[in-house]
Amino acid sequence: MRRLLARRMKFHLFGAFFVSVGCAALYKFGIADPRKRAYAEFYKNYDAMKDFEAMRAAGVFESAPPK
């Protein structure tokens, strides 16, 4: 039973490190990068004034009445 904690801690530290690196990589490549690409694609052709005029015509804004 000597040094049992030290041996088990080494194993668990390495395991926890590899699991955390794996989770970080999965998040980056599975969620963050696709989200960045989706935002970039959306804003590539986004016209803010056209969207504003559409919302203004729909009566969304109180300070900018529809024309």
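Student: Why does R3 count as exposed?
Tutor: The relative accessibility of R3 is 65%; the limits are under 20% for buried, over 50% for exposed and partly exposed in between, with a 1.4 Å probe and protein chains only. R3 therefore counts as exposed. This residue lies in the segment before α1, and its phi is near 55°, a positive value in a residue other than glycine.
Tutor: This is a predicted model, in which local features need pLDDT of at least 70 and side-chain atom pairs pLDDT 80 or more, while totals for chains, interfaces and linings use all residues. Numbering runs from 1 along each chain as its sequence is written, and side-chain values use heavy atoms, with hydrogens and water left out.

Student: What makes R56 buried?
Tutor: Its relative accessible area is 17%, so R56 falls under the 20% limit. R56 belongs to helix α2 (residues 48-58). Not counting residues up to four places away in sequence, R56 touches F61, A64, P65, P66 and K67, where contact means heavy atoms within 4.5 Å.

Student: How do you know that the chain is more spread out than a compact globule?
Tutor: The chain has two helices and zero strands, these being DSSP runs (H or I, at least four residues, for helices; E, at least two, for strands) numbered from the N terminus. Its radius of gyration, taken over C-alpha atoms, is 26 Å. Along its principal axes the C-alpha trace spans about 85 × 25 × 10 Å, and buried residues make up 6% of the 67 residues.

Student: Why is the pair of F17 and F18 called edge-to-face?
Tutor: Rings of Phe, Tyr and Trp (its six-membered ring) pair if their centres lie within 6.5 Å; planes under 30 degrees apart count as stacked, over 60 as edge-to-face and the rest as tilted. By this rule the count comes to five aromatic pairs. The rings of F17 and F18 have centres 5.4 Å apart and planes at 70°, so this pair is edge-to-face.

Student: Are F17 and F18 buried, partly exposed or exposed, and how do you know?
Tutor: F17, at 49% relative accessible area, is partly exposed, whereas F18, at 57%, is exposed.

Conventions: Rg over C-alpha atoms; globule rule 2.2 N^0.38 Å.
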